[in-house]
Amino acid sequence: MTKTILVTGATDGIGLLTAQKLAAAGHTVLLHGRSDDKIEKAAAEVAGTPKGYRADLSKMGEVEAMAEAILADQTRLDVLINNAGVLKAPKARTEAGRDIRFDVNTIAPYILTRRLLPIIPKEGRVVNLSSAAQAPVDVSAMTSFRPMGDMEAYAQSKLGITLWTAEMAKQMKQGPVFVAVNPGSLLASKMVKEGFGVAGNDLSIGADVLVRAATGPDFADASGRYFDNDSGRFATVDAAATNPGHVGEFMSALAQIAEQRLLRG
């Protein structure tokens, strides 16, 4: 059965290749990008007539506007793939006074997901991009900016999205499926090239596992779990994920940020 699938960060790298593979399989793909030009170029490389939605995910107002546009256009969203992410940026501090890695990698996908839940069916899926790089979240650094190294902030943000994936799965036991995926380390994305100065491994490694997570039967009962594509199996996450105090503090702060935004909408 064909599905309607939104891929964030779909204008290049793993996101674009995932969108191409999903569209080639007959699914209706919605593309997110940061600019109309990038979306138009990506759409020309994806089969069918994909619809694009623009938003800078470091700006929560734009995240909400994109969600509202999707809700106005679509009555059903079978799969949301929160793929967009950032490691390095010219400015680390966002207009909200937070680190850009937290805003783009953790908070924006949480707000987008919550906004779109009314049109995601119980049998639908939310696929969140995690990473092998994970570290306990400094909640004070997530809520108010402090200078951090690129990898320090990135690893914390990726554990953050993995934590809320598991927590939303607990809250919504009847569905949809929430799953976090490490698509593979050091793949040939722009992020890897800029961050590590290496060409990286075949992007299809990551795109293929995202297609599986979005549509494959082996992920249908995987809600709340973390799939590590480096090892090719469902795996455990950073030990901080088993600390109820840490998880509770993180989720409380995340919910507070989100509620402040959602109440404005």
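Pro-176 sits in the loop between H6 and S6 of this predicted model. Helices (H or I, at least four residues) and strands (E, at least two) are DSSP runs, numbered from the N terminus. The peptide bond from Gly-175 to Pro-176 is cis, with omega near 5°. Most peptide bonds are trans.

Residues are numbered from 1 along each chain as its sequence is written. Local features of the predicted model need pLDDT of at least 70, side-chain atom pairs count only at pLDDT 80 or more, and totals for chains, interfaces and linings use all residues, while side-chain values use heavy atoms, with hydrogens and water left out.

Eight strands form an open sheet with mixed pairing. Two strands pair if DSSP finds at least two bridges between them. The strand order is S3-S2-S1-S4-S5-S6-S7-S8. Strand S3 (51-54) and strand S8 (233-235) are the edge strands, each pairing on one side only. From one strand to the next, the twist averages 25°. Axes are lines fitted to C-alpha atoms, for helices over the stretch in contact, and angles run from 0 to 180 degrees between N-to-C directions.

Strand S5 (residues 125-129) and strand S6 (residues 177-182) run parallel, joined by five bridges. Val-127 stands opposite Val-179 in S6. Helix H8 (residues 204-215) packs on the sheet. H8 touches strand S1 (4-7), S4, S5, S6 and S7, where contact means heavy atoms within 4.5 Å. The direction of H8 makes about 155° with that of S5. H6 lies across strand S4 (79-82), S5, S6 and strand S7 (226-228). H6 runs at about 155° to S6.

H6 (residues 150-171) also gives the most to the lining of the second largest pocket, with six residues. On a 1 Å grid over the protein atoms alone, a pocket is an open set of points with protein on both sides within 12 Å along at least five of seven lines, whereas a cavity is a set where a 1.4 Å probe fits but cannot get out; lining residues have an atom within 4 Å of a point. Grid points are joined across faces, edges and corners, and a volume is the space filled by probe spheres set on the points. The second largest pocket holds about 300 Å³ of space. Its lining comprises 18 residues. Ala-166, Gly-224, Val-237, Ala-241 and Thr-242 lie nearest its centre. Nine lining residues are nonpolar, five polar and four charged. Ala, Val, Leu, Ile, Met, Phe, Trp, Tyr, Cys and Pro count as nonpolar, Asp, Glu, Lys and Arg as charged, and the others, Gly among them, as polar.

One cavity of 30 Å³ or more is counted. The largest cavity has about 50 Å³ of space. H4 (100-116) and H6 each supply at least two residues of its lining. H4 gives the most, with four. Residues lining the largest cavity include Asn-82, Leu-129 and Lys-158.
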